[in-house]
Amino acid sequence: MSEAVVQTDRATVGLIRAAFSLGNYHQIMNDLYEEVFGEPQMVHFPYYGSPTDTLLDGQANLTDACLEFFPDLSDQRLLEVGCGNGVQSMYVLANHRPRHVTGMDLNPNNVALAGRIAADKGLSNIDFIASDAQDMQGIPDGAFDAVLNVESAFHYPDKPAFLNEVHRVLKPGGRFVMADLLMKPNRRSPLLRMWERRLSQHYWFADSYRTAFADAGLKIDAERDITAPVLRGFRERSAWFRNHKIRGALRRAHIMLFVRAQVFRHVYYLQNICSYHIFSAVKAG
Ligand SMILES: C[S@@+](CC[C@H](N)C(=O)[O-])C[C@H]1O[C@@H](n2cnc3c(N)ncnc32)[C@H](O)[C@@H]1O
């Protein structure tokens with residue numbers, strides 16, 4: 001069997017595995033980014049900035065949109081909850097210069113990968129730990145000035161436990177910024193709900209979040225609906241891979257099929273099932 005056919009089979013199997021397990025999905029995304037861009041990349045939605053944005057520009061725009069809510073991170077200790085492969089934590093360290101960043105994720109493979117990337121880059125002032133957002137073991141009370149959480153909270157079944165933990169690990173006066181997919185009032189088929197459970201997708205209504213923030217002692221002082229720029233980020237994707245050539249016509253076709261399937265899924269959700277919000281909140285001093 002030729003190498004191209006073997007690769008094609010692997011890609012097809014990968015596409016199916018990615019659709020049915022969160023761990024597989026992240027493994028495949030990390031591998032895919034490494035293949036296309038030469039190294040792992042942030043794993044979140046693109047936010048439209050300009051028609052010449054690559055996928056990576058769009059993703060950085062989303063991080064920047066979240067970081068606008070932190071007035072000044074210099075001299076602050078920041079915790080990123082659900083940091084994935086750590087690339088976003090490293091981006092924040094490089095571009096927004098907090099004193100120290102800790103990235104935390106439930107998936108130990110992601111945490112190990114993040115540690116390896118940071119070591120390869122020779123980064124100091126950053127570390128990564130494996131822990132659960134709903135029970136942040138290993139993180140002392142009041143250890144952080146700032147907590148960031150991007151596109152991860154919809155995976156947590158117990159949001160009040162998560163928000164109580166954010167409150168616990170923040171210093172008084174500390175800020176929490178969360179970007180998350182929120183459920184719109186809608187009716188979904190039981191089949192779609194079953195599939196969401198498989199992928200650990202537990203969307204919440206905006207009002208449930210607002211109540212739970214208040215109950216946890218986190219006062220929301222800003223909220224932004226970014227559904228429109230994120231949808232536009234998906235729609236205007238002509239320049240996504242402009243700086244990157246994927247080797248092999250068959251492999252390219254497969255990767256593009258995977259990308260199309262992902263884009264279709266996310267656009268369908270953003271149009272019919274979810275909105276995308278940023279919440280910014282402060283722990284009472
Ligand atoms: C879409 S990725 C986002 C990664 C990163 N925040 C970024 O923007 O590049 C979601 C991450 O949430 C993590 N996650 C899911 N459930 C978690 C939990 N209970 N505690 C901590 N992390 C969790 C997943 O392992 C995954 O790495």
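Which residues of helix H4 (residues 87-96) are buried? I began with this question and found Val-87, Gln-88, Ser-89, Met-90, Val-92 and Leu-93 to be the buried ones, where buried stands for 20 or more other C-beta atoms within 10 Å of the residue's own, exposed for 12 or fewer and partly exposed for what lies in between, with C-beta atoms placed from the backbone. I note that the model is a predicted one, in which local features need pLDDT of at least 70 and side-chain atom pairs count only at pLDDT 80 or more, while totals for chains, interfaces and linings use all residues. Residues are numbered from 1 along each chain as its sequence is written. Helices (H or I, at least four residues) and strands (E, at least two) are DSSP runs, numbered from the N terminus.

**Entry on H4.** I looked up what the buried residues of H4 pack against, and the list holds helices H3 (55-67) and H5 (108-120) together with strands E1 (77-81), E2 (100-105), E3 (126-130) and E4 (144-150); contact here requires C-beta atoms, placed from the backbone, within 7 Å. Just after H4, I found Arg-97 with a positive phi of about 50 degrees.

**Entry on H3 and H4.** I read an angle of about 65 degrees between H3 and H4, with 11 Å between their axes; axes are lines fitted to C-alpha atoms, for helices over the stretch in contact, and angles run from 0 to 180 degrees between N-to-C directions. The crossing is right-handed, a crossing being left-handed if the near helix is turned anticlockwise from the far one by less than a right angle, and right-handed if clockwise. H3 contributes Ala-60, Thr-63 and Leu-67 to the contact, and H4 contributes Gln-88, Tyr-91, Val-92 and His-96. I counted these by class as four nonpolar, three polar and no charged, with Ala, Val, Leu, Ile, Met, Phe, Trp, Tyr, Cys and Pro taken as nonpolar, Asp, Glu, Lys and Arg as charged, and the others, Gly among them, as polar.

**Entry on H6 and H8.** In helix H6 (residues 159-169) I listed Lys-159, Phe-162, Leu-163, Glu-165, Val-166, His-167 and Val-169 as buried. The elements they pack against include helix H8 (206-216) and strand E5 (170-183). H6 and H8 pack at about 40 degrees, their axes 9 Å apart, and are therefore oblique to each other; angles under 35 degrees count as roughly parallel, over 145 as roughly antiparallel, 65 to 115 as roughly perpendicular and the rest as oblique. Their crossing is right-handed. I found Lys-159, Pro-160, Leu-163, Asn-164 and His-167 of H6 meeting Ala-212, Phe-213, Asp-215 and Ala-216 of H8, and this contact divides into five nonpolar, two polar and two charged residues.

**Entry on H9 and H10.** Helix H9 (residues 227-235) packs with helix H10 (residues 249-272) at about 155 degrees, the axes being 10 Å apart, which makes H9 roughly antiparallel to H10. In the loop between H9 and H10 I found Arg-237, which is partly exposed, because 18 other C-beta atoms lie within 10 Å.

**Entry on the ligand.** Among the 20 residues around the ligand, Gly-82, Gly-84, Leu-106, Ala-133 and Ser-152 come nearest, a residue being near if its C-beta atom, placed from the backbone, lies within 6 Å. By class I noted seven nonpolar, ten polar and three charged residues in this shell.

Note on methods. Contact = placed C-beta atoms within 7 Å.
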